[in-house]
Amino acid sequence: MKDPLLIQEKRLSRLKECLSKRQMDLRLFLEDIKNYHNISAIIRTADATGVLYVYYTSEGRLPINDSITCGAHKWVMLERVQDKSTFLKEMKRLGYKIVVTALSSESVDFRAIDYTDKVLIVMGNELEGVTQEVMDQADVIAKIPMHGMVQSLNVSVATALILYEAERQRKEKGLYSVKQIPKALEEQLLIKWGFHDVLKKKARGRLRHLV
Ligand SMILES: C[S@@+](CC[C@H](N)C(=O)[O-])C[C@H]1O[C@@H](n2cnc3c(N)ncnc32)[C@H](O)[C@@H]1O
């Protein structure tokens with residue numbers, strides 16, 4: 001039987017490069033976002049901006065559309081949160097700043113917030129926004145200025161704007177040039193991610209050992 005841990009050399013370099021840019025301390029929490037278009041687009045932006053951890057609450061399975069994520073859901077860690085309050089308290093204990101996105105009288109412009117240290121960005125449900133339970137845990141409330149008739153943006157658009165502001169700030173500080181991921185996790189993900197590829201490509205030739 002062939003060794004299952006096989007991958008093309010070029011692909012392995014690509015996975016390693018991607019992991020070397022993952023921002024371990026830029027994390028996203030989706031509170032009860034329901035629309036699969038939105039969730040899928042958000043996951044794709046998370047992957048693009050180097051987010052590894054995407055937490056979420058959801059009644060059932062997280063609805064994801066493969067053709068919208070373009071496979072990005074395979075390259076981020078999607079973790080379901082059972083108890084929002086406990087989760088947020090734990091993130092705070094770990095030193096994360098909780099940036100809740102909402103339009104409120106206490107909101108500050110999202111570009112005035114520093115995203116270069118440990119930060120958890122919270123996005124709310126399409127209709128209700130972020131719940132009071134979560135708002136109560138916010139260290140800062142971020143708003144994206146609105147100058148038109150409509151009061152809010154689509155949640156996937158809002159996520160993209162905020163994540164790209166974080167990306168801009170982090171890139172300026174050189175944080176995409178410094179590998180952050182711990183060795184053990186990198187190896188674990190290379191095996192997991194590589195396995196996705198192997199499953200797809202194992203019938204083809206030119207394969208090489210993953211680790
Ligand atoms: C469509 S909005 C929800 C609108 C909801 N009626 C409310 O009052 O929050 C969905 C989510 O997108 C984000 N969002 C949309 N527009 C935003 C803005 N201008 N500023 C900050 N966050 C925004 C927030 O996370 C919000 O919970």
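The expected span of a helix is 1.5 Å times one less than its number of residues. This model is predicted. In it, helix α2 (residues 36–48) has 13 residues and spans 18 Å from first to last C-alpha, close to the expected 18 Å.

**Burial of α2**
- Ten of the 13 residues of α2 are buried, so the helix is largely enclosed by the rest of the structure.
- The buried residues are N38, I39, S40, A41, I42, I43, R44, T45, A46 and D47.
- These buried residues pack against β2 (26–31), β3 (53–57), α3 (66–69) and α6.
- G50 follows α2 and has a positive phi, near 85°.

**Packing of α2 on α6**
- The α2 and α6 axes come within 8 Å and cross at roughly 10°.
- Angles under 35 degrees count as roughly parallel, so α2 is roughly parallel to α6.
- On the α2 side, the contact is made by N38, A41, I42, T45 and A46.
- On the α6 side, V155, S156, T159, A160 and L163 take part.
- Six residues of this contact are nonpolar, four are polar and none is charged.

**Shell around the ligand**
- The ligand has 16 residues around it, of which T101, G124, G129, S152 and A158 come nearest.
- Two elements, β8 (140–143) and α6 (155–172), each give two or more residues to this shell.
- By class, the shell holds ten nonpolar, four polar and two charged residues.

How values were computed:
Residues are numbered from 1 along each chain as its sequence is written. This is a predicted model: local features need pLDDT of at least 70, side-chain atom pairs count only at pLDDT 80 or more; totals for chains, interfaces and linings use all residues. A residue is near a molecule or strand if its C-beta atom, placed from the backbone, lies within 6 Å of it. Helices (H or I, at least four residues) and strands (E, at least two) are DSSP runs, numbered from the N terminus. Ala, Val, Leu, Ile, Met, Phe, Trp, Tyr, Cys and Pro count as nonpolar, Asp, Glu, Lys and Arg as charged, and the others, Gly among them, as polar. A residue is buried if 20 or more other C-beta atoms lie within 10 Å of its own, exposed if 12 or fewer, and partly exposed in between; C-beta atoms are placed from the backbone. Two residues are in contact if their C-beta atoms, placed from the backbone, lie within 7 Å. Axes are lines fitted to C-alpha atoms, for helices over the stretch in contact, and angles run from 0 to 180 degrees between N-to-C directions. Angles under 35 degrees count as roughly parallel, over 145 as roughly antiparallel, 65 to 115 as roughly perpendicular and the rest as oblique.
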